[in-house]
Structure formats: C-alpha cells, structure tokens
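Visitor: I would like a close look at one part of this protein. Please take me through the sheet, and then through the helices that matter for the picture around it.

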Amino acid sequence: MSETVESLQVLLEKHAPWACLTGAGISSASGIPTYRDHHGRWLGSQPIQHQEFVEQATKRQRYWARSILGWPRVHRARPNQTHHDLVALETAAVVSGLITQNVDRLHQQAGAQHVIDLHGRLDRVRCLSCGHIETRARVQDWLEEHNALPALTSVTLLPDGDADLPAAFIDDFRSPHCDACEGILMPDVVFFGGTVPVDRVQACYQMIDQAEGLLVIGSSLSVYSGFRFCRYAVQQGKPLVILNAGQTRADELCVRKFDDHPFSLLSHYAANLDPSTPEHRHV
Ligand SMILES: [Zn+2]
C-alpha cells in the first residue's frame, strides 16, 4: 500500500463513521459531464434559473426541448467504480451516509443505503400547482409523442440532462402539463436560484451530527447549498477531509486534502476493506 493510501486509511478509520458529501466529479466517469472545470470555472452555457422556469413559458419550452434529448443519456447512465467503492465504505461502517449534490440516483443504483438527494432527483417531475409526482420516463414518452425530434448530428449534453440545439425546434416545442390539474410540471430538482427544502437540509445536519467527520468527494463546493455543511461540520469540531482533483471552496477549512487521483486512491483503500468485519477499525 502506498503511503498516501495508508494515510487516507489511518485518517478515515480514526474518525469513522463519516458523513460523505458527493458532487458531480463522481458521476463524470458514468458519462454525466460536470458544470465546472478543475478551477471552478463554468463550462458551456449558464443553466436555467428557478425563477425563469416558473415564470416564463418560453424558458420552460427551452428547458424541455433540450431535456428531451439530454435526459436519455442520464437515464442510461450506470454507477461507476467510485459509487461502488462508497457502498463498500458504507458496508464497512466507515461511511454512515451520503449527501449527494448529484440528481442522477447513481448512488442508490449502486446499492448505497443512506442517501439524501440534496438537489432532488431527475427521474421525477413535480406539479408546481398540486404537488402531483410523475416519473420523468412517462413525461419523456409524452414529450416524444407530441414533439418531432430534429435529426441532430451532435448534441452537447449538460449535467442536469440539458442539451444544446437549434432555436426553431425550441420555438415550436410543446411543454408537458400535469395530468391531474393542468399545472406546470417541473423536474423534481433544485435549479440554480431555487431552495433546498428545509426538512431535507435538517436531515443533512442530523447525518453530520451523528457522524464523526465530514468527507467531501468529487465536488468543488462552489454552490452554497453543499458548502454550508463543510462550515457546519467544522463549527461542530469535526474533521473535514476532501478528496477532489482541483481547487474547492473549503480548502482552507479541511484537515487534509487528497487531490492527486482521488478516485483511484479511494478505490485502493476500498479494495483493502473487509466488509464482514467493521470492527477492524481501531477506534
Ligand atoms: Zn397538478
């Protein structure tokens, strides 16, 4: 075992169990791209804002027209090694639960037991008027039935299932409505400028309260909704450890940062875990 893997192991096993906060970096190996590069800079166009979606029919048309093409790729995505490594850490009681900023449900697909979808889930759609929940798969069927898809040679996929495409297609696009009340349907995710439900935020604080430390994996923590948990953990006197290639907003708060091939480092550590004996931890 290399010295770095060993130092990760010593640190994680000394303070276990950890609450774990995950971000877009984890899902990129599953074919879901990230919004930002390693320096936290934006890649591509700005994502849709919550208020725009709620208030402007043309913005909704734009969202759904792009989403009809982008969503299938998210739908088809499968967990990668890092998702599986985190299941191994949970099984070995090194990790007590996950707070994910990803909306792709890949942690759950991999078999993780305790996951809070901080920013919601892309596989569901919610009515803004009556709260009715619909599956995104069913909405996809409706969208494909009521809209003619353009023959596109290349479509750029964005992290929330968004995609780039011609203006004419967007202008004629038919947006879905609620079956129950004809209200506006919105993906069950927290858009930029939107608010994470209070009870969900409280559940995250509780997960951190019950853990010995906070481990961040694959996130630059650029968005406040995730960053606040780093501040909270540190205020509670709990160690913050970061596994991320590139700068994060919490670099100065953490006790240790691993930024050289963090996912393969985690894999090496996970491969050495014996899931049958969580007591191997020297606490
Ligand atoms: Zn409704």
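Guide: Here is a walk through the sheet, followed by some of the helices.

A caution comes first: this is a predicted model. The protein has 283 residues, and 40% of them count as buried. Its secondary structure amounts to ten helices and nine strands. Take the contacts between residues at least 6 apart in sequence: 72% of them link residues at least 24 apart.

Now the sheet. It is open and built from six strands, in the order E3-E2-E1-E7-E8-E9. The pairing is parallel. Strand E3 (115–117) lies at one edge and strand E9 (256–258) at the other, so to speak, as each pairs on one side only. On average, neighbouring strands are turned by 15° against each other, direction ignored.

Look at one pair in detail. Strand E1 covers residues 18–22, and strand E2 covers residues 95–100. The two run parallel and are joined by five bridges. Thr22 stands opposite Thr100 of E2. Helix H8 (residues 198–209) packs on the sheet. H8 touches E1, E2, E3 and strand E7 (213–217). The direction of H8 makes about 150° with that of E3.

Next comes helix H4, residues 81–91. Eight of its eleven residues are buried, so H4 is largely enclosed by the rest of the structure. The buried set runs from Thr82 and His83 to Asp85, Leu86, Val87, Ala88, Leu89 and Glu90. After H4 comes Ala93, which has a positive phi, near 65°.

Finally, a helix pair. The axes of helix H3 (residues 57–76) and helix H6 (residues 136–146) come within 11 Å. They cross at roughly 115°. H3 and H6 are therefore roughly perpendicular to each other. The crossing is left-handed. On the H3 side, Trp64, Ile68 and Trp71 make the contact.

How values were computed
Residues numbered from 1 in each chain as written. Predicted model: local features only at pLDDT ≥ 70, side-chain atom pairs only at ≥ 80, totals over all residues. Pairing = 2+ DSSP bridges. Helix = DSSP H or I, 4+ residues; strand = E, 2+ residues; numbered from the N terminus. Axes fitted to C-alpha atoms, helices over the stretch in contact; angles between N-to-C directions. Contact = placed C-beta atoms within 7 Å. Parallel < 35°, antiparallel > 145°, perpendicular 65-115°, else oblique. Left-handed = near helix turned anticlockwise from the far one by under 90°. Buried ≥ 20, exposed ≤ 12 C-beta atoms within 10 Å, placed from the backbone.
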